[in-house]
Amino acid sequence: MDDLRRIDLNLLLTLHALLSEQHVSRAAVRLHRSQPAVSHALAQLRDIFADPLLVRRGGRLHLSSRAQALREPLEQALAQLDGLLGSPRFEPNRARRTFRLAMSDYGARVVLPGLMRKLREQAPGIDLVVSQGSREAMIGQLIDGEVDLALGVFPDLPSEVQVQVLFEESFICLADRHSLPARTGLSLAQWLARPHVLVAVRPGIDNEIDLALQASGQGRRIALTLPHWGVAQGVISGTDLILTVARRSLAGTRLDPGLRCFAPPLPIAPFAFTQAWHTRREGDAGHRWLRELIRTLCDEHDVPSLAS
């Protein structure tokens, strides 16, 4: 009983976060506490268990043998307490909270307009902070606790990151209508002979279009790489440039009347657009509510046709 008097639920939750994250700063983010407070709690836990618990080797913290042995019984104990006390309800209309989201320009176009309308209707006290980055950067931010949710295309994920497919996406081409045949699109040879615009955070062939070309031993000339969609239509209007983008990029957009849509003249594999989060958010009722809201919105999203 003397040992029980020395430890409270907050210390157990801190211990669980430290054993899961093996990193003081990430544990602090998970617990919504300051780093000094978590460091102080770690010192208390080391004294209580008479063990270092986290040992620094090679510039990283690793679990001691005692800490490894504590993980499973601690998980079970906290699960029993959670069942005893009941999971807290999340009331969106009363919530006051900021969520940090990472997404590309494409993701912002597809998700944000509908999401913000729903938040203003259902949860006016919830704020969003949106950042943009490469796929690798967004996953790194999830792992480090810098963002709560990342939306994008993530083919390879570490085990501590959970993912949910929101929809499958395909591609569409745009060009100045006066540069195209009267009623058809372009053959592959004609398409490859034209200069192209690429909307991407960074140049390279790590996009689905150029990967499809590379697989068939072909390539295209990228005359312009843009980090955002906003100016793309204006750039190709009145030129011989071709823009190939995900179909949902055009949803809710007033297409320039001087442009025409047509199907890509080569098979480009569709891609899964997903939302990803760290396992540390699994027990967060507000986080679950936001993920479900985004999933529902994506289910309702219209997919533009080729008609233009």
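Predicted model: local features only at pLDDT ≥ 70, side-chain atom pairs only at ≥ 80, totals over all residues.
1. Cavities. Searching the whole structure turns up 2 cavities of 30 Å³ or more.

2. Lining of the largest cavity. It is lined by 31 residues, and those closest to its centre are Ser 104, Tyr 106, Arg 135, Val 199 and Ala 200. Several elements give two or more residues to this lining, among them the helices α6 (105-122), α7 (135-144) and α9 (208-215) and the strands β5 (149-152) and β12 (271-278). By class, the lining of the largest cavity has 16 nonpolar, 8 polar and 7 charged residues.

3. Second largest cavity. Its lining consists of His 16, Leu 19, Ser 20, Arg 71, Leu 74 and Glu 75. At least two of the lining residues come from each of α2 (9-21) and α5 (65-85). The classes are represented by 2 nonpolar, 2 polar and 2 charged residues.

4. The sheet. An open sheet with mixed pairing is built from 5 strands in the order β4-β3-β5-β12-β6. β4 (126-131) and β6 (161-169) are the edge strands, each pairing on one side only. From one strand to the next, the twist averages 20°.

5. Strands β3 and β4. β3 (residues 97-103) runs parallel to β4, and 6 bridges join them. Ala 102 is placed opposite Ser 131 of β4.

6. Helix α6 and the sheet. α6 packs on the sheet and touches β3, β4, β5, β6 and β12. The direction of α6 makes about 175° with that of β4. α6 also gives two or more residues to the lining of the largest cavity, as do β5 and β12.

Conventions. Residues numbered from 1 in each chain as written. Heavy atoms only, no water. 1 Å grid on protein atoms, 1.4 Å probe; cavity = no way out; pocket = protein on both sides within 12 Å on 5 of 7 lines; lining within 4 Å. Points joined across faces, edges and corners; volume = space filled by probe spheres on them. Helix = DSSP H or I, 4+ residues; strand = E, 2+ residues; numbered from the N terminus. Nonpolar A, V, L, I, M, F, W, Y, C, P; charged D, E, K, R; others polar. Pairing = 2+ DSSP bridges. Axes fitted to C-alpha atoms, helices over the stretch in contact; angles between N-to-C directions. Contact = heavy atoms within 4.5 Å.
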